[in-house]
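Hi,

Here is the structure I promised to pass on. Have a look at it first, and my notes on what turned up follow below.

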Amino acid sequence: MMRIRQGILLSAVAVGLLLIAVVCWHSVEEIHYLKSFFPARFTVEEAGYASIVELVKIAIITVPVLVVIATCLCLLHYFRKEP
């Protein structure tokens, strides 16, 4: 039973990290898309604003995922100390 619990928690951590990586990759791709869509009118300042918007989107999506990952790691530590 202990191995099943650890496997589930480690799987949740792996899925969370994968989700964060996918969200970051999507944000980078979206900025590249915007640059190709507005080549003449997309200034450096607008690119900076787009990056800030993407950073906020990443933060909003990943903070709950990081909380789940931290909880899973704490539970793994707790279950490891169990006799």
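Glu30 and Lys57 meet through their side chains in a salt bridge, with 3.4 Å from N to O; by salt bridge I mean a side-chain nitrogen of Lys or Arg within 4 Å of a carboxyl oxygen of Asp or Glu. Glu30 sits in helix H1 (residues 2–37) and Lys57 in helix H2 (residues 44–81), so this pair ties together parts that are 27 residues apart in sequence. Helices here are DSSP runs (H or I, at least four residues), numbered from the N terminus.

Before going on, the ground rules: this is a predicted model, in which local features need pLDDT of at least 70 and side-chain atom pairs count only at pLDDT 80 or more, while totals for chains, interfaces and linings use all residues. Residues are numbered from 1 along each chain as its sequence is written, and side-chain values use heavy atoms, with hydrogens and water left out.

Back to the charges. Searching the whole structure gives two salt bridges. The other pairing is Glu54 with Lys57, where the closest N and O atoms are 3.2 Å apart. Glu54 and Lys57 are three residues apart in helix H2, so about one helical turn separates them. With the partner they share, Glu30, Glu54 and Lys57 are joined by salt bridges into one network.

How covered are these three? Glu30 is partly exposed at 24% relative accessibility, and Lys57 is also partly exposed, at 31%. Glu54, on the other hand, is buried, with a relative accessible area of 4%. The cut-offs are under 20% relative accessible area for buried, over 50% for exposed, and partly exposed in between (1.4 Å probe, protein chains only).

Not counting residues up to four places away in sequence, Glu54 touches Ser27, Glu30 and Ile31, contact being heavy atoms within 4.5 Å.

Now the nonpolar side of things. Which residues make up the largest nonpolar core? There are eight in all: Leu9, Val13, Ile20, Val65, Ile69, Cys72, Leu76 and Phe79. H1 and H2 are the elements that give two or more residues to this core, and the largest share, five residues, comes from H2. For the record, a nonpolar core is a set of buried Ala, Val, Leu, Ile, Met, Phe, Trp, Tyr and Cys residues joined through side-chain atoms within 4.5 Å.

Phe79, one of the core residues, is in contact with Met2, Arg5 and Leu9 once neighbours within four places in sequence are set aside. Gly7 is in helix H1 and is partly exposed at 31% relative accessibility.

Val23 is another H1 residue, and it counts as buried at 12% relative accessibility. Leaving aside neighbours within four places in sequence, Val23 is in contact with Ile58 and Ile61. Val23 and Glu54 are 31 residues apart in sequence, with 9.7 Å between their C-alpha atoms.

Ile61 turns up again at the surface. Together with Tyr49, Ile52, Val56 and Ile60, Ile61 forms a nonpolar surface patch with about 500 Å² of accessible area. Ile61 lies in helix H2 and is partly exposed at 40% relative accessibility. Patches are made of residues with over 30% relative accessible area and no salt bridge: like charges are joined within 9 Å, nonpolar side chains (Val, Leu, Ile, Met, Phe, Trp, Tyr) within 5 Å. Accessible areas come from the Shrake-Rupley method with a 1.4 Å probe, and for residues only the protein chains shown count as cover.

Leu66 and Ala12 are 54 residues apart in sequence and 11 Å apart in space, C-alpha to C-alpha.

Cheers
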